[in-house]
Amino acid sequence: MRTVGPATGSTAPVRLTSYARGGGCACKIPPGELEAMVARLLPPPSAAEALGHDEDRLLVGLEDGDDAAVVRTGDGTAVVSTADFFTPVVDDARDWGRIAAANALSDVYAMGGRPLVGLNLLGWPRDVLPAELAGEVLAGALDVARAAGCLVGGGHSIDSPEPLYGMAVTGLVDPDRLLRNDAGRPGVPLTLTKPLGVGILNNRHKRTGEVFAHAVAVMAALNDKASAAALEAGAVCATDVTGFGLLGHLHKMARASGVTAVVDAAAVPVLDGARESLRAGYVSGGTRRNLDWVRPHLDAGRAGEDQLQLLADAQTSGGLLVAGEIPGHPVIGELVPAVAGTTLVIR
């Protein structure tokens, strides 16, 4: 937390999370509502046919809610394009910038691509918070982008009621080596490359001011090595785990792939302190909405409500969920032939 006073000139610690109703990817629009919004953007079959060759260039679009759009360029490569932004997830401005940049870049890695350039997306309550603090956010993001080998080329800013930050990122990918969320097949194991629980710990941080350095380190870590390892292992199906939680993103993967996903709850890695914080009631509204969304498609087995909330925890800058076995990361389940009406099974 920086000890820089607000724009009024007073000097006091600034708790960035107190200036936002939500925090991080937990402030995403609920998945069911979002799908209803974008449904009208999908072209009817007649329109898609009329677009012909131009439509064929869009390798990944809106259909299955994948992590980024992918467009074939015609020279053996494809462009990956994505955007992601959110309200403060931590009080430290530089850490927030680092986390937000890692989160935006993750969408490119989740498609099997490499980022080329990012554009800053900044909303700032300029009459309430000092510009110096916004500069810290941008500096933190630049640190992470440089570590990723990604250029930062400006961006866009507005005066907004709540602080918002993120990036629009453009990258390149081999169109024959895409990682997509609709390419899962029965008999393939599921690997998760980061532990769950950051949503719970972030919620506790927002309410109490306690700092969880290990959660910050996980969120600020890039998914570049995990993406490269997935491609090396021959994976073709992946997504990253963010605001819709493990269960939400896995539901989307299983639904798009026409399979059912079985999760071994005991094998899912969890951050230190997350279970205790969950039992103490630090559960975000986003997590509860995630769980409500997947319940109609979920066979929970013997899993209790606490365990389900942890699996639905709204992550910020989470790991990759890969259909395939990735060395050095835990296998948390498998894909099996579709079970009617059920995309998720907890065992």
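This is a tour of a predicted model, going from its nonpolar cores to a helix pair and then to salt bridges. Residues are numbered from 1 along each chain as its sequence is written, and side-chain values use heavy atoms, with hydrogens and water left out. Because the model is predicted, local features need pLDDT of at least 70 and side-chain atom pairs count only at pLDDT 80 or more, while totals for chains, interfaces and linings use all residues.

**Cores**

Select Leu 16, Val 70, Trp 96, Ile 99, Trp 124, Tyr 165 and Met 167, the residues with the most contacts inside the largest nonpolar core, which has 47 residues. Such a core is a set of buried Ala, Val, Leu, Ile, Met, Phe, Trp, Tyr and Cys residues joined through side-chain atoms within 4.5 Å. Buried means under 20% relative accessible area, exposed over 50%, and partly exposed in between (1.4 Å probe, protein chains only). Elements that each supply at least two residues of this core include strand 3 (78-86), strand 4 (114-124) and helix 5 (131-147). Helices (H or I, at least four residues) and strands (E, at least two) are DSSP runs, numbered from the N terminus. The largest share, 10 residues, comes from helix 4.

Now centre on Trp 124. Not counting residues up to four places away in sequence, Trp 124 touches residues including Leu 16, Trp 96, Pro 130 and Asp 159; contact means heavy atoms within 4.5 Å.

**Helix 4 and helix 7**

Show helix 4 (93-110) and helix 7 (213-220). Their axes come within 8 Å and cross at roughly 40°; axes are lines fitted to C-alpha atoms, for helices over the stretch in contact, with angles from 0 to 180 degrees between N-to-C directions. The two helices are therefore oblique to each other, a class left after angles under 35 degrees (roughly parallel), over 145 (roughly antiparallel) and 65 to 115 (roughly perpendicular). At the contact, Asp 95, Arg 98, Ile 99 and Ala 102 in helix 4 meet Val 216, Met 219 and Ala 220 in helix 7.

**Salt bridges**

Stay on Asp 95, which forms a salt bridge with Arg 98, the closest N and O atoms being 2.7 Å apart. A salt bridge is a side-chain nitrogen of Lys or Arg within 4 Å of a carboxyl oxygen of Asp or Glu, and the count comes to 11. Arg 98 is partly exposed, at 26% relative accessible area.

Next, select Asp 159 and Arg 126, a salt bridge at 3.8 Å, N to O. Asp 159 lies in strand 5 (residues 151-159) and Arg 126 in the loop between strand 4 and helix 5, so the pair ties together parts 33 residues apart in sequence.
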